[in-house]
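Let's walk through this structure together, one piece at a time. Have the sequence and the 3D view ready as you read.

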Amino acid sequence: MEIAELKAELERLHRASFGWAMSCCRRDQTEAEEVLQNVYLKIFEGKARFRGESSLRTWLFAVIRKTAATEYRRTLLRKLRLTPESDQASEPVGTHESPTASFEKSEVQTQFQNALKTLPKRQRQALHLVFYEDLSLREAADVMGISIGSARQHYDRGKKRLRESLGQMEIGYGIDWRGKTNPSAV
């Protein structure tokens with residue numbers, strides 16, 4: 001694949017790539033941006049090469065997942081080695097909230113994100129890839145580096161646990177998540 005063609009495809013997939021990076025980075029926008037930048041650098045420096053063994057999207061998502069895991073380990077090691085002198089990191093002065101960030105803070109989205117956070121990592125990844133990124137279970141399995149059977153199991157268990165978790169959250173509001181109302185609810 002030529003550089004110009006690769007660049008065009010990466011631009012086309014950027015939005016989905018960022019969503020996947022956010023999922024791999026536990027919804028930390030700064031970390032996701034850094035991971036995605038590192039992925040693009042790896043690709044353009046030739047450290048990560050697309051060989052055509054899968055779709056470009058599947059390959060790219062696998063590179064993002066692996067890079068996010070590596071960055072997480074590095075950050076964890078850095079935190080463990082921190083000395084009191086280097087512990088004084090400065091906070092950004094002017095933070096600007098994007099429309100996406102304000103949407104994520106809405107009550108429904110917050111409940112959903114909290115329910116997702118309760119899922120084990122593999123289940124959360126399988127659901128994200130299938131629902132948000134519109135990948136098949138086969139493609140999700142390739143991205144996650146597991147067999148199709150394992151991906152299917154993580155996906156099914158994740159859906160079941162998510163349903164249970166959302167159902168428990170809705171009890172406090174007097175409404176069942178399936179849309180059935182509770183007559184005694186205010």
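Begin in helix H8, where Asp 142 and Arg 138 sit four residues apart, about one turn of the helix. In this predicted model, their side chains meet in a salt bridge, with 3.2 Å from N to O. Asp 142 counts as partly exposed because its relative accessibility is 35%, and Arg 138, at 41%, is partly exposed too. Side chains of opposite charge can pair when their charged atoms come close.

How many salt bridges does the structure hold? There are seven. One of them links Arg 74 to Glu 71, whose closest N and O atoms are 3.0 Å apart. These two residues are three apart in helix H4, so about one helical turn separates them. Another salt bridge joins Lys 47 and Glu 45, with 3.3 Å between the closest N and O atoms. Lys 47 counts as exposed because its relative accessibility reaches 65%.

Now step back to the whole protein. It has nine helices and zero strands, and 34% of its 186 residues count as buried. Its accessible surface comes to about 12,600 Å², and 52% of that belongs to carbon and sulfur atoms. If you take the contacts between residues at least 6 apart in sequence, 62% of them join residues at least 24 apart.

Together with Tyr 72, Leu 76 and Leu 80, Leu 77 makes a nonpolar surface patch of about 410 Å². With a relative accessibility of 45%, Leu 77 counts as partly exposed.

What about the inside? In soluble globular proteins, nonpolar side chains tend to be buried together. Here the largest nonpolar core has 41 residues, and those touching the most other members are Ile 43, Leu 60, Phe 61, Ile 64 and Leu 129. Among the elements that give two or more residues to this core are helix H1 (3-12), helix H3 (29-45) and helix H7 (121-132). Which helix gives the most to this core? That is H4, with seven residues.

Leaving aside its neighbours within four places in sequence, Ile 64 is in contact with Ser 17, Trp 20, Ala 21, Val 35, Leu 36 and Val 39. Ser 17 has a relative accessible area of 0%, so it is buried. Beyond residues up to four places away in sequence, Ser 17 touches Leu 36, Tyr 40, Leu 60, Phe 61 and Ile 64. Helix H2 is mostly covered, with eight of its 11 residues buried; among them are Gly 19, Trp 20 and Cys 24. Just after H2, Arg 26 takes a positive phi of about 55°.

Finish at helix H9, the place of Leu 162. Is Leu 162 buried or exposed? Its relative accessibility is 11%, and therefore it counts as buried. Setting aside neighbours within four places in sequence, Leu 162 is in contact with Phe 112, Ala 115, Leu 116, Leu 119 and Leu 127. The C-alpha atoms of Leu 162 and Thr 118 are separated by 8.3 Å, while the two residues are 44 apart along the chain.

Technical notes: Residues numbered from 1 in each chain as written. Predicted model: local features only at pLDDT ≥ 70, side-chain atom pairs only at ≥ 80, totals over all residues. Heavy atoms only, no water. Patch = residues over 30% accessible without salt bridge, like charges linked within 9 Å, V, L, I, M, F, W, Y side chains within 5 Å. Areas by Shrake-Rupley, 256 points an atom, 1.4 Å probe, with all protein chains shown as cover. Salt bridge = Lys/Arg side-chain N within 4 Å of Asp/Glu carboxyl O. Buried < 20%, exposed > 50% of the residue type's maximum accessible area, 1.4 Å probe, protein only. Contact = heavy atoms within 4.5 Å. Core = buried A, V, L, I, M, F, W, Y, C linked by side-chain atoms within 4.5 Å.
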